[in-house]
Amino acid sequence: MSNKMWGGRFATGPDAIMEEINASIGFDQRLFRQDIAGSIAHATMLAETGILTQEDRDAIVAGLTEVLAEIEGGTFTFSRALEDIHMNVESRLREKIGDAAGRLHTARSRNDQVATDFKLYVRDTIDTLVIQVQTLQLALVTKAEDEAETIMPGFTHLQSAQPVTFGHHLLAYVEMLGRDAGRLLDARKRLNESPLGSAALAGTPYPINRELTAEKLGFDRPTANSLDAVSDRDFILETLAAASICAMHLSRFAEEMVIWSSAQFGFVRLSDKFTTGSSIMPQKRNPDAAELVRAKIGRILGALTSLLVVMKGLPLAYSKDMQEDKEVAFDALDALSLSLAAMTGMVGDMVPNRDRMRVSAAAGFSTATDIADWLVRELNIPFRDAHHITGQIVALAEQKNTGLEGLTIEDFKFIDQRIDSRIHKVLTVEASVAARKSYGGTAPSNVLAQAARWKSALTGE
Ligand code: ARG
């Protein structure tokens, strides 16, 4: 049997393999809410412009409302022969209300319909993701307040560099996530134009009112070019790009959690809720959630790459290739959402080992820069020379197998006569972080100020 939705000119139905490769209902059924909302807006507009009678419009809206309830209630039977969500819904509507259902598709096509549905879905998803990003930010800010004075090693090249505060480190991610939310909201802004009424590709001869459907669906305006409207997939590409950057940030943080929670570092303890044991090694607490968050960037960036490759070289307007946009996008956005939730849970439950961090922060001559700065400040030695002198001090400490704090005043004077005992007060990690009060620096006072700023920005208080 040929397809009852478009089979007029077909003598036979599709090959089974054709049906399998062609159908999208397996994944696009999750667009049912958006599809029905779009159809209700469309039917209402058709009635308001006199293209449809009010009775037909009412029957369509009532029928669609029932279909929505069936799908939500799990009693709806999806049919692969009907290809996609659009035709599944319309076909059920016809079973319910008869011929009036056939008038719903006046002045539209599945091409503008699917673009509209998907935009609505992505818009809703962005809104949810932004809230999730902000929830994670708030968890980090709260931790940062508690850990404003906790001193840990700061690294460059993963080599001991200068001491920093743990709160400062956590707030670095709050900044990144703030930009991630900004990028998602920016994509949302550009996305928010309604394709509905662009029809197949060229517009329609019916006297439709696209402003009206745009408004009913919460779009800022209708798209200005029908060819663009049915071919545009920038909105999902842009969202996936923003999602990839966010996932990359989460991956970096997850990697740090993996390192920090190792026995060798021992900076933090992740909670039982986000770790697993080993079936052979009884001592194990593996940071699986962090590892999986670290990995999710793979599929999210993969989705972006995959869709960019699908879209490149496609002539205008719609081609069926575009149906490949949804599966990867759904998977990627789901993965980001799950990663954000897992990260929020891990951050809230993470217990830092402050003593361990403090000891580690002092290792590796981490206050050497403070000595050089002291030589510049107190003895007016040019920084380059101060750097050289400090290098000799570090070499001496290394030779004596001690940290900088273990050097005596005689040791310092042996390197440079001008040094006096005041140098000792800059050697501690506490002095080092407290001194870094420059705007954006790691000092505990800065951390508290930045945490307060973020807290009021995030909670609106
Ligand atoms: N299932 C299709 C998609 O996801 C809907 C649009 C179909 N349009 C068409 N001309 N066959 O892209």
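How do the residues of the shell around the ligand divide into nonpolar, polar and charged? The shell divides into 2 nonpolar, 4 polar and 4 charged residues, where Ala, Val, Leu, Ile, Met, Phe, Trp, Tyr, Cys and Pro count as nonpolar, Asp, Glu, Lys and Arg as charged, and the others, Gly among them, as polar.

The model is predicted, and local features need pLDDT of at least 70, side-chain atom pairs count only at pLDDT 80 or more, and totals for chains, interfaces and linings use all residues. Residue numbers start from 1 along each chain as its sequence is written, and side-chain values use heavy atoms, with hydrogens and water left out.

View 1. The assignment gives domain 1 (16–104), domain 2 (110–205 + 223–357) and domain 3 (365–435); the bounds come from an automatic or database domain assignment. Over C-alpha atoms, the centres of domain 1 and domain 3 are 76 Å apart. Along the principal axes, the C-alpha atoms fill a box of roughly 100 × 50 × 45 Å. The radius of gyration of the protein chain is 31 Å, whereas a compact globule of 461 residues would have one near 23 Å; the radius is taken over C-alpha atoms, and the globule rule is 2.2 Å times the number of residues to the power 0.38. The secondary structure comes to 18 helices and 6 strands, which are DSSP runs numbered from the N terminus (helices: H or I, at least four residues; strands: E, at least two). Of the 461 residues, 49% count as buried (buried is under 20% relative accessible area, exposed over 50%, partly exposed in between; 1.4 Å probe, protein chains only).

**View 2. The shell around the ligand.** The residues around the ligand are Ser24, Asp28, Asp84, His86, Arg110, Asn111, Val114, Tyr318, Gln323 and Lys326, each with a heavy atom within 4 Å of the ligand. Domain 1 (16–104) and domain 2 (110–205 + 223–357) each supply at least three residues of this shell. Helix H6 (residues 110–146) gives the largest share, 3 residues.

**View 3. Polar side-chain atoms at the ligand.** Nitrogen atoms of the ligand lie 2.9 Å from a polar side-chain atom of Asn111 and 2.7 Å from an N or O atom in the side chain of Gln323. An oxygen atom of the ligand is 2.7 Å from a polar side-chain atom of Lys326. The protein buries 86% of the 340 Å² that the ligand exposes when taken alone (accessible areas by the Shrake-Rupley method with a 1.4 Å probe; for residues, only the protein chains shown count as cover).

**View 4. Arg233 and Asp325.** Arg233 sits in the loop between helix H9 (226–231) and helix H10 (234–260). Its relative accessibility is 2%, so Arg233 counts as buried. The side chains of Arg233 and Asp325 are joined by a polar contact of 2.7 Å (a pair of N or O atoms within 3.5 Å; within protein, one must be able to donate a hydrogen and the other to accept it, and residues adjacent in sequence count only if both atoms are side-chain atoms).

View 5. Most residues other than glycine have a negative phi, and most peptide bonds are trans. Leu316 and Ala317 are joined by a cis peptide bond, with omega about 0°; Ala317 is in the loop between helix H11 (288–311) and helix H12 (325–349). Glu83, in the loop between helix H4 (54–73) and helix H5 (85–97), has a positive phi near 65°. Glu83 is buried, at a relative accessible area of 5%. His157 also has a positive phi, about 60°, and lies in the loop between strand S1 (151–156) and strand S2 (159–165). At 75% relative accessibility, His157 counts as exposed.
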